[in-house]
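Please open the structure in a viewer and keep the selection tool at hand.

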Amino acid sequence: MNKSHLATLLASLFAVTACTQQQSDTAQQAASAAISTAHATLGDASAPLATLRQQASAAAGEARQQAAKLVADNPALGLAVSAVQQGMGKATNALQWQQLEAKVGSYPADIGLYQQGAVAEALRQLLGKKMSVFLQNMQVSSPLGKDQLLFVSGNKAHQGGEEMAYLLLDPASKQLEVGLVEQGRLHVYRSGPPLYRPAEINTMLGNLTG
């Protein structure tokens with residue numbers, strides 16, 4: 001990040017969050033101090049990398065403290081910031097569900113399906129402690145498929161038929177269903193009403209031992 005970008009970022013942060021003239025003055029003073037420190041450090045090309053990192057960390061920490069104080073002093077501002085963050089979170093969540101359609105044919109490991117994003121969070125909430133079992137039973141996995149809705153099936157390495165799993169995803173309703181086969185027994189976890197079960201999943205379950 002160059003000097004002008006750093007200055008713009010810090011100045012914008014305090015200008016937006018200050019609600020009264022007094023708070024604005026305080027914020028601008030803090031921003032100016034942080035910017036001056038950053039400029040002085042960035043201007044010294046011979047400064048060690050560790051020093052640059054320390055200065056950047058200190059400036060960021062000061063900015064966070066000032067922002068937190070302004071929000072604490074203005075409950076209405078805090079509510080507004082919270083509302084904006086929640087709105088952005090919901091929009092991001094909806095977009096991630098919509099983008100799943102474009103990932104049909106990709107393997108879950110290649111797109112981080114179970115590690116991050118809306119689906120990963122929904123899985124953790126749905127499965128809780130069983131998330132580790134789900135991941136084990138998806139070690140050998142199919143790519144993301146589509147048959148009315150999206151689905152993935154898999155099994156634990158060398159234990160197909162005994163330790164398996166499937167995942168059904170409905171981007172339209174943002175609902176999911178997980179089937180865990182442990183020691184040949186099926187346990188189903190749903191975030192809502194039962195979902196359509198693709199033929200490939202029915203075939204997999206039809207091969208259960210016992």
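**Salt bridges**

The structure holds 5 salt bridges, a salt bridge being a side-chain nitrogen of Lys or Arg within 4 Å of a carboxyl oxygen of Asp or Glu. This is a predicted model, in which local features need pLDDT of at least 70 and side-chain atom pairs count only at pLDDT 80 or more, while totals for chains, interfaces and linings use all residues. Residues are numbered from 1 along each chain as its sequence is written, and side-chain values use heavy atoms, with hydrogens and water left out.

Select E101 and K146. Their closest N and O atoms are 2.9 Å apart in a salt bridge. E101 is in the loop between α4 (75-99) and α5, K146 is in strand β2, and 45 residues separate them. Helices (H or I, at least four residues) and strands (E, at least two) are DSSP runs, numbered from the N terminus. E101 counts as partly exposed because its relative accessibility is 36%; buried means under 20% relative accessible area, exposed over 50%, and partly exposed in between (1.4 Å probe, protein chains only).

Select E182 and K130 next. This salt bridge has its closest N and O atoms 3.1 Å apart. E182 lies in strand β5 and K130 in the loop between α6 and α7, so the pair ties together parts that are 52 residues apart in sequence. E182 counts as buried at 19% relative accessibility, whereas K130 is partly exposed at 29%.

Then select E177 and R197, whose side chains meet in a salt bridge (3.5 Å, N to O). E177 belongs to strand β5 and R197 to the loop between β6 and α8 (199-206), 20 residues apart. E177, with a relative accessible area of 1%, is buried, and R197 counts as partly exposed at 25%. Salt bridges that share partners join E177, R190 and R197 into one network.

**The whole chain**

Clear the selection and colour the chain by element. The chain has 8 helices and 6 strands, and from the N terminus on they run α-α-α-α-α-α-α-β-β-β-β-β-β-α. Of its 210 residues, 36% count as buried.

The buried ones are A118, V119, A120, A122, L123, L126 and L127. After α6 comes G128, whose phi is positive, near 60 degrees.

Which residues touch the most other members of the largest nonpolar core? They are Y114, L123, F134, L167, L169 and V178, out of 23 residues in that core. A nonpolar core is a set of buried Ala, Val, Leu, Ile, Met, Phe, Trp, Tyr and Cys residues joined through side-chain atoms within 4.5 Å. The elements that give two or more residues to the core are α6, α7, β3 (149-155), β4 and β5. Of these, α6 gives the most, with 6 residues.

Select L167 and display its surroundings. Leaving aside neighbours within four places in sequence, L167 is in contact (heavy atoms within 4.5 Å) with residues including L113, Y114, L123, F134 and V178. A second, separate core of 10 residues includes F151, V181, L195 and I201.

**An aromatic pair**

Rings of Phe, Tyr and Trp (its six-membered ring) pair if their centres lie within 6.5 Å; planes under 30 degrees apart count as stacked, over 60 as edge-to-face and the rest as tilted. By this rule there is 1 aromatic pair. Select Y114 and F134: their rings are edge-to-face, 5.0 Å centre to centre, with 80 degrees between the planes. Y114 lies in the loop between α5 (108-111) and α6, and F134 in helix α7 (residues 131-136), so the pair ties together parts that are 20 residues apart in sequence. Both Y114 and F134 are buried.

Select β5 (175-182) and β6 (185-190). These strands pair in the antiparallel sense over 6 bridges; two strands pair if DSSP finds at least two bridges between them. The bridge partner of G179 is V188 in β6. The two strands form a hairpin with 2 residues between them.

Most residues other than glycine have a negative phi. Finally, select Q183 in the turn, which has a positive phi of about 55 degrees. Q183 counts as exposed because its relative accessibility is 67%.
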